[in-house]
Amino acid sequence: MSGAVRPDAVVKLAGTAVYGMDLDVPGMLWAALVPAPIAHGRIVSVDLRAARALPGVTVIGADDLARLLGPGERDAERPLFPHEEIVYRNQPIAAVAAPSEAEARAAVALVRVEVDPLPIVADLETRFPEWPGSEADAAPEIAAHVRARHGDVEAEFRGADRVVRETYRTASVHQVALEPHACVAEIRGDVWYVRTSTQSPFGVREDTASLLGIPETSIVVDGTWVGGGFGGKGSSFLEPYALLLARATGRPVRLALGYRDEFRLGRTTLPAVIRMETAVKDGRIRARRVRLLLDVGTSLPGRDFATGYSIGFLLGPYRTEAFEVEGYAVRTHKPPFGPHRAPFAPQCAFAVESHLDHVARELNLDPEEFRASHLWREGDTTPLGQPVGPFGIFAAFERARATARAWRAESPPGHGVGVACGFWSTSTGAGGEVRLRLSGDRLVVHEGSREIGSGSVLGGLTAVACRVTGLPRERVAIEYSDTSKAPFDSGVFGSRTLGALGHAVEEAAVALRRTLAERLGARGQADLSVDRGEIFAEAGGHRASVGSLVTAEERTAGGILAEGRHFASPRAIDESRVLQGSFYAYTDFTGGAHVAEVSVDPATGAVRVERYAAFHDAGVVVDPGAAQAQVEGGVAMGLGAALTEEAIWSEDGRLENAGLLDYRIPTLGEIPPMTVEFLEGFAGAGPFGAKGLGEPPIVPVPATVAIAVREACGAHATELPLSAERVARALKLL
Amino acid sequence: MNSFELVVPETAEEAVAALQALAPGEAAPIAGGTDLLIDVDEGRVAPRRVISLRRLPWKTLDWNAGALTVGSTLPLRSLEEDPQVRVSYPGLYQAVRAVGSVALRHRATLGGNLVRSAPASDLVPVLLSLDAEVDLVGPSGDRRVPVDRFVQASRRTDLRPGELVRSVYLPEARPSAFLWQRVRPSNDISQVAVAVAFSPAQRRWKVAVGGVTPRPTLLPEASDVLGSGRPTSSEVRRASEIAASRAAFVTDRRASEEYRRHLVATLLERAVGSAVNGGRFPA
Amino acid sequence: MTSPPLRFQVNGHPQHLANVPDSERLLDTLRWRLGLKGTKEGCRTGDCGACTVLVDDRTTLSCLTLTHEVDGAKLTTIETGPEDLVVTRVRAAFDRAGALQCGYCTPGFVMALAGLLKERGTAAAREELLDGLGGNLCRCTGYAAIVRAVDELRTEGP
């Protein structure tokens, strides 16, 4: 095995990569969480005595926190165990540690919980059969209410040739990282030490400190290999419980979720209702009203980012003269809403694209021409008044349309070809730093985020270091270490790694080249090259081996050091358009346009995706192989959301399909042949103009499939996923 | 997780004795284990003793003229790999291929599927359409029971205390077909499954459906209207209508009752077409 | 309750194991008793394929297999060395095609594909190989690179 395409292939194909699930520490105990038996209720009693009577078993509950943690200031809004009120089914109400997994489960079964049931809010539309009015602000279920507007919306609607109104419904979808959450915690002297499968070691440290009320400097988080993240492993989850049990027992403690609990406790995208109204005059969109009712589970009021951030994706990427947007985040008795690859953006794109396609059809306009003529161009402003930066969405759409035309010319009856856009903004708003160390024969990039599989750390950061220094890949190594040793980084999420941490690598590498030039007595930046295994620097006509330029002092510290940092560059929206709540500015504008050819069984409504093409603006592509792989993976995940994935919550707050049999992610058989193309020349804020690519590819997929289905058979489905049954209903077969 | 004792009898008599030694529910036989072990993990069953059937000489496939006897512990994968099965019992071949994944089929067995008796079983409808019979061994001797009587409801069969499924007997090679619809085509549970087979000896059709409550069932009235040979398109349509109106479909998280009724009609039409055109259909 | 000691051949080496509980799954024996953590634990319900290993060269879900039920068998896991030529070829194809991202499903895919090749021979049809991987879930790659790995294997010849 060479690891030539992916450096981590060597350990992953040998079976020696250690993931969170694989951690095994001598003397460790096995932990489990005690689940709340109902979704909402007042705790009468939690009786831990029988469980505690088992040999070797330790049980901790709400009453033990003060004893174990001392007087620190803990996050009162997010108690680790509820004192009085249970707010979602399976919420942890105690935790056990035992010598084996079987004994831990036996202990869980012995915990007696007495609860007085309270009425539950299970579903958006049961709670709000009518759209909430301003009186809803006082309702305890409203976690956030955001409103913005611009222009004379009423006048535009009054003067329109045509007003089209529709309602869309989207499903709860889960990240389904194949590795469940897992960690092992130990108390080492004064240090609370946890090894965990996470997208963000520093994020876990910060969040754990806040939950436990202990200083961040007392906590060390070490990331393992990560068996998929997709947003679900971005902040602390099991770590505080494992640390508490380690504290209580004096032993290392392993806490991992079974896969059903992975679904039941996972924080992810929840259902939503989206209303779209569009006023058209002379073939142009004059005004839009967009309203969102988003289930945020037990997210805390004031801590819901989703509504104000996601809602922006319901307005773009299309021009409109006037708009009004309003969103409610509705608390229900489910686990809190959590990020899932481009949180809620695929659902927004599904509504926006399907709706505008529908509007054009209602007006007998060409749906693609209609959207193309309204697509943002560079120099436009977003509805919230932010200038649209370099953005290849229009170029991508043009390529997609051309592909669709070619496919239509050859597609048989019963097939349909659809095109849709999706846009996203990458989160280079989160900072980070790296340290480079150059010795006589290699360059080490020292950083604090673990590769999660996307390739952004091992592939992306390496590619940036190579490109700036000119060194070949085999001379550049990524060195990850835990939070006590590594430079700070926010983590691998929000498609930020390449843009933010890559930017830090670029800055550090430039600094390194300057230092080398200086030592050669020249100005500017030295060029690096490799000659017979040794790295040489050259500047201003002087050339020397790096080994000879390293000082004796530096040699004791591994070589010449350079540091690089990424700070968020502030972007602003026009706050005068905001009436209520928080809206957010975009950083890089990213996204693309996709084409799907589908066949629809006219008798059953079953949809099969026959082929697929994705066109993306990724700024400048730094690592072509990894970039293509991100698009392929994102499209596949989007096809799941489009066709088969739906977490079904019952009226009593139970997740009915908590398992991989009935929550259906695509298998190899559902994935069509796929082509991927990048549109370059729309520079982003990342190194060399790169833009992040982890999230954007999933965004256009459900919309693209929905429009292709409509093209194939006329079914206009307004609800995700597009199951055969829903398509059959849209076809009026039932 | 429940822990249990595993015993590995060498003969059918020993297996029956081991099973009989404990109260029903306290002992469970294991063949592939792909259903049993999930049931154990999820607390649906809690046997004290599990009786392995792996040393019994039941991993067999015996042909006798057109009749086929399938040993109950033969892995499904071996059944699907047999070239003659594909030719003589196309419906069975198609149904076996529809069960889980290759890895699952390397352990899962026909006997296990029958005893699990799932309403959404893909194999039971086919066995019904083929007039399959179940050969049982037990404390009071051997007996043979039609699948139609053996399978009663989810996890409920005609098995008496101490009895084991030894084999499944298929009396006659039949032009046949099995069609299903699922939310996800690969590796999922069928919303509706339809098995059709034509008996050259009896010169009549057998239609069975899965995804119904309380168990997969034959639809004799639908079978009857298909006639005694190649059915006309109006006969097929009539059979489909009967299937849609008579089958006891339910609404669950996989599909609504209404949609299942709609599906069964379409699948039945297509299945008959496939059986007729699959070759070897008698003139 | 534990039955008599078990005897296996694991990746070419004889293994004797005493005191394995009767109800223990092969997955747990491999991971926690033999330390072969390359075999991954995913769903434990037979739906993801991450725990796929070879038992007497046949693909097997180790999460739904009792260890004692495969007593005497030849077991092959992702940790097997170059002496297993088929696994070695599949690994090399995954490496060349970059057919992995997070890597958690990878051992299961490698073993499933190796099992198909051992069962069907290297002349197995493309469709058959792809169809035979339907029980292995991957959330990262969208399967595209895995399909390329399968194609690599088929074009490189026996």
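User: Which elements of chain B do the buried residues of α5(B) pack against?

Analyst: This is a predicted model, in which local features need pLDDT of at least 70, side-chain atom pairs count only at pLDDT 80 or more, and totals for chains, interfaces and linings use all residues. Residues are numbered from 1 along each chain as its sequence is written, with chains lettered from A and ligands numbered from 1 in the order in which they are written. Helices (H or I, at least four residues) and strands (E, at least two) are DSSP runs, numbered from the N terminus. The buried residues of α5(B) pack against α3 (76-81), α4 (83-88), α8 (123-129), β11 (176-181) and β12 (192-199) of chain B.

User: How many of the nine residues of α5(B) are buried?

Analyst: A residue is buried if 20 or more other C-beta atoms lie within 10 Å of its own, exposed if 12 or fewer, and partly exposed in between, with C-beta atoms placed from the backbone. By that count eight of the nine residues of helix α5 (90-98) of chain B are buried, and the helix is mostly covered. Among them are B:Pro90, B:Leu92, B:Tyr93 and B:Val96. After α5(B) comes B:Gly100, with a positive phi near 50°.

User: Now chain A. In what order do the seven strands of the open sheet stand?

Analyst: Two strands pair if DSSP finds at least two bridges between them. In chain A the order is β3-β5-β1-β12-β9-β10-β11, and the pairing is mixed. β3 (58-61) and β11 (219-223) of chain A each have a single partner strand, so one side of each lacks a neighbour in the sheet. On average, neighbouring strands of this sheet are turned by 25° against each other, direction ignored.

User: How many bridges join β1 to β12 in chain A?

Analyst: Three bridges join β1 (29-35) to β12 (253-256) of chain A, and the two strands run parallel. A:Trp30 has A:Arg254 as its bridge partner in β12(A).

User: Which strands does helix α8 of chain A lie across?

Analyst: Axes are lines fitted to C-alpha atoms, for helices over the stretch in contact, and angles run from 0 to 180 degrees between N-to-C directions. Helix α8 (239-249) of chain A lies across β1, β3, β5 (92-98), β9 (182-188), β10 (191-196) and β12 of chain A. The helix runs at about 40° to β9(A).

User: Why does A:Leu265 count as buried?

Analyst: A:Leu265 counts as buried because it has 21 C-beta neighbours inside 10 Å. The residue sits in helix α9 (259-265) of chain A. For contacts, the rule is that the C-beta atoms of two residues, placed from the backbone, lie within 7 Å. Leaving aside neighbours within four places in sequence, A:Leu265 is in contact with A:Asn90, A:Leu257 and A:Pro335. A:His358 is 93 residues from A:Leu265 in sequence and 37 Å away in space, C-alpha to C-alpha.

User: How many residues of chain C and of chain A does their contact take?

Analyst: The contact takes 41 residues from chain C and 46 from chain A. On the chain C side, α2 (85-97), α3 (106-120), α4 (126-132) and α5 (144-155) of chain C give two or more residues. The largest share, five residues, comes from α2(C). For classes, Ala, Val, Leu, Ile, Met, Phe, Trp, Tyr, Cys and Pro count as nonpolar, Asp, Glu, Lys and Arg as charged, and the others, Gly among them, as polar. The side of chain C that touches chain A divides into 20 nonpolar, eleven polar and ten charged residues.

User: And where chain B touches chain A, which helix gives the largest share of the chain B side?

Analyst: Here 18 residues of chain B are in contact with 21 residues of chain A. Helix α12 (257-277) of chain B gives the largest share of the chain B side, five residues. By class, that side has seven nonpolar, seven polar and four charged residues.

User: How is chain C divided into domains?

Analyst: Domain bounds come from an automatic or database domain assignment. Chain C is divided into domain 1 (6-76) and domain 2 (85-155). Their C-alpha centres lie 21 Å apart. The contact takes 14 residues from domain 1 of chain C and 14 residues from domain 2 of chain C.
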